[in-house]
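Have the structure open while you read.

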Amino acid sequence: MSTQTSTPPNPTTTGERSSLLRLHLGRGVLALAWALAFAGAHEHVDAVAITLLVVYPLIDAVSSLIDYRATPDGSERRVTAFNGVLSTLAAIAVGIAGAGGVAPVLHVFGVWAVVSGAAQVIVGLRRRGPELGKQWPTLISGGLSFVVGIFYNIQAAGDNPSLDVLSVYATGGGVWFILQALLLGWKSRQLRTRTV
């Protein structure tokens, strides 16, 4: 009779990891699709551009809601809830800012990117256990969002602000989300192999 020494996976952690994998993958794909659509639609801040500008933070708000429902109680869950409310307010604010042109939109996106990036770093730090893949892509993405948000506000105050940077921002975010999903998938496979 063989003796199995490896401990079975924690069902809560396994479920959370699986949920996060799907969430990050979906969020990454949507960010890349948004970047592609916005790249061809932002020459003028018209109804199409404003609609896309409103949709992007709403994607984040819905993602935060899904994450909130899948996350156990704790400070991490409260930060996720905060980020969902923040992204909803950002969607409303960017819709209003769109009437003022490029500079106000960049200011709103910049403030949202700074605060949302900080929240993402906090959540990533709280999920840094080995079961959830150390969260390096999430931490890097949140840190970059924070820095880029400051840059957007500086650019918005300049003479020639441009919305081109938002497609780059969404593309970068999408890539980091997909990398985090791949890391979670690799970690799941690694842990399954250990328990067999």
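Helices α4 and α5 run roughly antiparallel to each other, because the angle between them is over the 145-degree cut-off. Keep in mind that this is a predicted model.

**The α4/α5 pair**
- α4 covers residues 102-126 and α5 covers residues 136-156.
- The two pack at an angle of about 160°, and their axes sit 7 Å apart.
- As for handedness, α4 and α5 make a left-handed crossing.
- Sorted by class, the contact between α4 and α5 brings together 14 nonpolar and 13 polar residues, with no charged ones.

**Leu 106, in α4**
- Leu 106 is part of helix α4, and its relative accessibility is 0%, so it counts as buried.
- Setting aside neighbours within four places in sequence, Leu 106 is in contact with Tyr 152, Gln 155 and Ala 156, as well as Pro 161, Ser 162, Leu 163, Val 165 and Leu 166.
- Take Leu 166 from that list: 60 residues separate it from Leu 106 in sequence, yet the C-alpha to C-alpha distance is 8.5 Å.

**Ser 63, in α2**
- Helix α2 (residues 47-70) is where you'll find Ser 63.
- Ser 63 has a relative accessible area of 12%, and is buried because the cut-off is under 20%.
- Not counting residues up to four places away in sequence, Ser 63 touches Leu 23 and Arg 27.

Conventions:
Residues are numbered from 1 along each chain as its sequence is written. This is a predicted model: local features need pLDDT of at least 70, side-chain atom pairs count only at pLDDT 80 or more; totals for chains, interfaces and linings use all residues. Side-chain values use heavy atoms; hydrogens and water are left out. Axes are lines fitted to C-alpha atoms, for helices over the stretch in contact, and angles run from 0 to 180 degrees between N-to-C directions. Helices (H or I, at least four residues) and strands (E, at least two) are DSSP runs, numbered from the N terminus. Angles under 35 degrees count as roughly parallel, over 145 as roughly antiparallel, 65 to 115 as roughly perpendicular and the rest as oblique. A crossing is left-handed if the near helix is turned anticlockwise from the far one by less than a right angle, and right-handed if clockwise. Ala, Val, Leu, Ile, Met, Phe, Trp, Tyr, Cys and Pro count as nonpolar, Asp, Glu, Lys and Arg as charged, and the others, Gly among them, as polar. Buried means under 20% relative accessible area, exposed over 50%, partly exposed in between (1.4 Å probe, protein chains only). Contact means heavy atoms within 4.5 Å.
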